[in-house]
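Please have the view open and follow along.

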Amino acid sequence: MPKWQQQIRTWIGRYFDLPADVMLDLPRITTIGSIHVYIENHTGLLHFSEEEVRIQYKKGQVRIVGRDLGVKMMLKEELLLEGELKSVEFFPDSKGG
Amino acid sequence: MGNQRGYFEGVLTIEASGPLLEPFLQACTRRGCRVTSLRRLDETTVRFTIRLKDWKILRSLRRKYKCRLTIKEGKGVPFLYKLMRRRLSVAAAFLAALVLVFLAANTLWSIKVEGLTPELEAAVEKKLNTYGVSPGRLTIGMKDPNDIQQQLLEDIPDLLWIGVKKQGTSYHLYGVKKTRHDTNQDNQPSNLVASKKGMIVQTFIKKGRPLVSVYDVVKKGQVLATGELVEEGETFVHTEGDVTAETWYRVEQELPLQQIITLTDGTVETEYHLKIGGWSVPVWGWWRGTDGSYRDENVTTDWRVFSYSLPLNMKRVDHFAIDTGAMESSRKEIEKIGRKAAGQSLLQELEPGAEIKDEKVLHLSEEHGKVKLILLYKVYENIAETKYISQGD
């Protein structure tokens, strides 16, 4: 995505007060304490194990580290994880931004 | 909430193994699968549950992603239904077998006719067939053996007697043919005597010697014609002939002026009950009102298994509507009715060929709402009676 498009999107989002996830194709991640993670607007499950879950979104990856992780529910763009959560890390693509 | 819905639609627990598990799951969800309770079991195996209707999507994708799928468990209504179906068929088969046994036990399998000539046997069987009694028919709703017996005796004049017995699933008929005994009684010496008091009107003696003539008044038992052709002779012959005499009958009647008549006007309401032991459960027609007066007729059908009668019966109750009406008649009418009835009953008592020649009202009075009627009838009838003469000894 060209840089100027990105800027226009940011500007429109700000101007109309729209939620950032809708405008910018970013995942919305909600955690409930450290037991549930609710991820919307993702594009794919990359890796899944009891200690680590990696999720793809438009402009990068999210890595969730924890213990005893499991997917409670998985839909097209939603993911509900449960388990003992330790950290959520972002790895944006170097290209995007 | 989603859980409940999943239960109704059916839920499959699946174990998948292969090198490309994550892409596989991603592809599945992109196509609309709903993957829940995803857990990794080991490096290459995951376990998850999907809705039953998503199974097709999984199957179509498993080759592409080189996954091995094994169904571990099926839960929910569709699986329950399947299980029930399997048991239901067993139950249905059992029920069908019961019905079959019941029907077989209530089918007429054979008819045995004994004691009759082949022609008569064939006639009996043919008649039975027209009554609806033939092998292979259900005995439910068939006529009672007693009725069949009665009807056979009426319809086949050559039968002297027939016994119809129901033995389990077969009918046994024992018949006796009517044998016509042509005894030579017609040739035995006999007299003609008067069977009742009367005045001779006409004599016609075919054989024998007449002893009376027209206008003679004879008493009961008097010899009218004798077989002794010559007086004090040795030869006795058979006497034959008709002697018509005038006889008299006195008929007394007492008839009420007012009569209460109950009439069935033909309206029938039928109820059906299922009788289980002493209980009677209305099955059909119980809603039909019983307003007005009714006369009830109960018909109970026995259902049998072999020779045991079931405690289950079908009872039919027919309600016949009754109209009650009082009929007031005048004295004149009563007299007319009385005369007619008296004449008819008299003719019924007399032998055929008798003729009422005259009718006279001797007495007609009315008291306490009743009409007393005394009639005198003059009748012409044959009074000749054959009496055999015992010979020898």
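Is B:Tyr215 buried or exposed? B:Tyr215 is exposed, with a relative accessible area of 65%; buried stands for under 20%, exposed for over 50% and partly exposed for what lies in between, using a 1.4 Å probe and protein chains only.

Before going further, a word on the ground rules. This is a predicted model in which local features need pLDDT of at least 70, side-chain atom pairs count only at pLDDT 80 or more, and totals for chains, interfaces and linings use all residues. Residues are numbered from 1 along each chain as its sequence is written, chains are lettered from A and ligands numbered from 1 in the order in which they are written, and side-chain values use heavy atoms, with hydrogens and water left out.

**Chain B as a whole**

Chain B holds 7 helices and 20 strands; these are DSSP runs (H or I of at least four residues for helices, E of at least two for strands), numbered from the N terminus. Its radius of gyration is 44 Å, well over the 21 Å that the globule rule gives for 393 residues, so chain B is more spread out than a compact globule. That radius is taken over C-alpha atoms, and the rule is 2.2 Å times the number of residues to the power 0.38. The C-alpha trace of chain B spans about 140 × 60 × 30 Å along its principal axes.

Of the 393 residues in chain B, 33% count as buried. Among contacts in chain B with a separation of 6 or more, 67% are between residues 24 or more positions apart; a contact means heavy atoms within 4.5 Å.

**One face of a helix**

Helix H3 of chain B covers residues 55-62, and B:Trp55, B:Ile57, B:Leu58 and B:Leu61 are buried there. Seen down the axis of H3(B), the buried residues fall within an arc of 160 degrees, so they line one face of the helix. The arc is that of the directions from the helix axis to the C-beta atoms. The cover over these buried residues includes strand E1 (11-17), helix H2 (21-30), strand E3 (45-51) and strand E4 (68-75) of chain B.

B:Val379 sits in strand E19 (residues 370-382) of chain B and is buried, with a relative accessible area of 0%. Leaving aside neighbours within four places in sequence, B:Val379 has contacts that include B:Ala245, B:Tyr249, B:Leu346, B:Leu350 and B:Ile356.

B:Met327 belongs to strand E17 (residues 308-328) of chain B and counts as partly exposed, at 37% relative accessibility. Not counting residues up to four places away in sequence, B:Met327 touches B:Leu257, B:Gln258, B:Gln259 and B:Ile261.

The table sets out a C-alpha to C-alpha distance for each of these two residues.

| Pair | Apart in sequence | Apart in space, C-alpha to C-alpha |
|---|---|---|
| B:Val379 and B:Glu359 | 20 residues | 8.9 Å |
| B:Met327 and B:Ile261 | 66 residues | 7.1 Å |

**Positive phi in loops**

Most residues other than glycine have a negative phi. B:Tyr215, though not a glycine, has a positive phi of about 75 degrees, and lies in the loop between strand E10 (209-210) and strand E11 (217-218) of chain B.

Where does A:Asn41 lie? A:Asn41 is in the loop between strand E2 (36-40) and strand E3 (44-48) of chain A. Phi of A:Asn41 is positive, near 65 degrees, and at 25% relative accessibility A:Asn41 counts as partly exposed.
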